Amino acid sequence: MLIVAGYLRVTDRDRYLEACREVVEQAREAPGCLDFTLGADLVEPDRVNVYERWTNRAAVEVFRGEGTSGDLDVHITAADVREFECTNEMRL
């Protein structure tokens with residue numbers, strides 16, 4: 001399993017998240033996607049939290065394709081997003 005987690009710093013967070021709605025919908029329907037969410041941080045007004053869970057790297061790469069569109073990129077001022085490979089899972 002591959003987990004992608006971290007945060008983005010964006011200008012106009014509400015506009016950015018609304019522009020990402022279609023991306024989230026597409027990701028959740030993509031083969032290999034177990035979870036995909038972007039959300040407003042409760043404390044920092046320019047922060048968007050990122051969380052993705054995929055069956056494997058190949059599924060992520062097929063979904064990402066060319067990457068984000070320039071329309072979304074212009075709103076991102078900083079990012080700290082990382083990938084984690086996970087071999088064990090336990091339901092809590």
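**Figure 1. His75, a buried residue in the predicted model.** With a relative accessible area of 17%, His75 is buried, because a residue counts as buried when this value falls under 20%. In this predicted model, His75 sits in the loop that runs between helix 3 (70–73) and strand 4. Leaving aside residues up to four places away in sequence, the residues that His75 touches are Arg9, Val10, Thr11, Arg15 and Tyr16.

**Figure 2. Overall view of the protein, for orientation among the close-ups.** The protein contains 3 helices and 4 strands, and their order along the sequence follows the pattern β-α-β-β-α-α-β. Its radius of gyration is 13 Å, close to the 12 Å that the globule rule gives for 92 residues, so the protein is as compact as a globular protein of that length. Taken along the principal axes, the box filled by the C-alpha atoms is roughly 35 × 30 × 20 Å. Of the 92 residues in the protein, 28% are buried, and the accessible surface comes to about 6400 Å², with 50% of it belonging to carbon and sulfur atoms. When contacts between residues at least 6 apart in sequence are considered, 69% of them join residues at least 24 apart.

**Figure 3. Strand 1 and its two antiparallel partners.** Strand 1 (residues 2–10) pairs with strand 3 in the antiparallel sense over 8 bridges, and one of the residues involved is Tyr7, whose bridge partner in strand 3 is Asn49. Strand 1 is also joined to strand 4 by 9 bridges, and these two strands likewise run antiparallel. In this second pairing, Ile3 has Phe84 of strand 4 as its bridge partner.

**Figure 4. Glu83 and its polar contacts with two arginines.** Glu83 belongs to strand 4 (residues 76–85) and is partly exposed, its relative accessible area being 32%. The side chain of Glu83 makes a polar contact of 2.6 Å with the side chain of Arg57, and a polar contact of 2.9 Å with the side chain of Arg64.

**Figure 5. Tyr51 on strand 3.** Tyr51 is found in strand 3 (residues 47–54), where it is partly exposed with a relative accessible area of 29%. Not counting residues up to four places away in sequence, Tyr51 touches Ile3, Val4, Asp35, Phe36 and Thr37. Between the C-alpha atoms of Tyr51 and Arg64, which are 13 residues apart along the chain, the separation is 14 Å.

**Figure 6. The two ends of helix 2.** Just after the helix, Gly65 takes a positive phi of about 55°.

Figure 7. Asp12 is found in the loop between strand 1 and helix 1 (13–29), and its relative accessible area of 42% makes it partly exposed. Phi of Asp12 is near 50°, a positive value in a residue other than glycine. For context, most residues other than glycine have a negative phi.

Figure 8. A disulfide is a covalent bond between the sulfur atoms of two cysteines. With a cut-off of 2.5 Å between cysteine sulfur atoms, the count in this model comes to 0 disulfides. Cys33 is in no disulfide, and the nearest cysteine sulfur, that of Cys20, is 14 Å away. Cys33 is buried, with a relative accessible area of 13%. For Cys86, the closest cysteine sulfur is that of Cys33, at 15 Å, which is too far for a bond. Cys86 is partly exposed, with a relative accessible area of 25%.

Note on methods
Residues numbered from 1 in each chain as written. Predicted model: local features only at pLDDT ≥ 70, side-chain atom pairs only at ≥ 80, totals over all residues. Heavy atoms only, no water. Buried < 20%, exposed > 50% of the residue type's maximum accessible area, 1.4 Å probe, protein only. Polar contact = N/O pair within 3.5 Å; in protein donor to acceptor, adjacent residues only side chain to side chain. Contact = heavy atoms within 4.5 Å. Pairing = 2+ DSSP bridges. Rg over C-alpha atoms; globule rule 2.2 N^0.38 Å. Areas by Shrake-Rupley, 256 points an atom, 1.4 Å probe, with all protein chains shown as cover.
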